[in-house]
Amino acid sequence: MRPFRRRRGDVVARLEPAEAGVLGLLLDQLEQLLTADADDVDGDPVIARLLPAGHRTDPEIAADYRELTESALRSGKTDDLAAVRASLPADGGEVRLDRDQADAWLRTTNDLRLALGERIGITEDTEPPEDPAGEEGQQLAVYYWLTALQGSLVDAVAAGRR
């Protein structure tokens, strides 16, 4: 991956084909979660992380908040996913984003990191796995790659807003 950089008002990066493929798979998985029937994902810790309760100690307030906001949150996240998918070169290559697209990428990469981090149990105490080539090591590598991708995008977007 060539990190995001500011170029003529846009932010531009280059993804390898494998990176674009991994990102596409992660987008598919996130979209499946967000478009699933609420009953099918009830209790899923990833959904709880992406669509947090409006109140931690009062279940009635939390339920009212969820009823008022969940549809709009899901819709916004799904719209962002569509924007990322539309600007993602399926076989790798240049990613060129205007300000609105960059914002959608920032929100979506954040959601992807939250979802993946929740699934693999990322905490501040997470240590490298004993077998970096094993499934846990590969998942952690994807998480760190997403972190680097998002970090370069944050830096490029911030450079344009100064």
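View A. F4 is buried, with a relative accessible area of 1%. Keep in mind that this structure is a predicted model. F4 belongs to strand β1, while W105, its aromatic partner, sits in helix α4. W105 is buried too, because its relative accessibility of 1% falls under the 20% cut-off.

View B. How far apart are the centres of F4 and W105? The distance is 5.9 Å centre to centre, with 75 degrees between the planes, and the pair is edge-to-face.

**View C. The three-stranded sheet.** Here you can follow an open sheet in the order β1-β2-β3, with antiparallel pairing. Which strands form the edges? They are β1 (2-7) and β3 (93-97), each pairing on one side only. From one strand to the next, the twist averages 20 degrees. Strands of a sheet pair through backbone hydrogen bonds. Between β2 (residues 10-15) and β3 there are five bridges, and V11 stands opposite L97 in β3.

**View D. A helix across the sheet.** Helix α4 (residues 99-120) lies across β1, β2 and β3. Its direction is at about 110 degrees to β3.

**View E. The tyrosine pair.** The count of aromatic pairs comes to two, and one of them joins Y143 and Y144. Their ring centres are 5.9 Å apart and their planes stand at 65 degrees, so this pair is edge-to-face.

Conventions
Residues are numbered from 1 along each chain as its sequence is written. This is a predicted model: local features need pLDDT of at least 70, side-chain atom pairs count only at pLDDT 80 or more; totals for chains, interfaces and linings use all residues. Side-chain values use heavy atoms; hydrogens and water are left out. Two strands pair if DSSP finds at least two bridges between them. Helices (H or I, at least four residues) and strands (E, at least two) are DSSP runs, numbered from the N terminus. Axes are lines fitted to C-alpha atoms, for helices over the stretch in contact, and angles run from 0 to 180 degrees between N-to-C directions. Contact means heavy atoms within 4.5 Å. Rings of Phe, Tyr and Trp (its six-membered ring) pair if their centres lie within 6.5 Å; planes under 30 degrees apart count as stacked, over 60 as edge-to-face and the rest as tilted. Buried means under 20% relative accessible area, exposed over 50%, partly exposed in between (1.4 Å probe, protein chains only).
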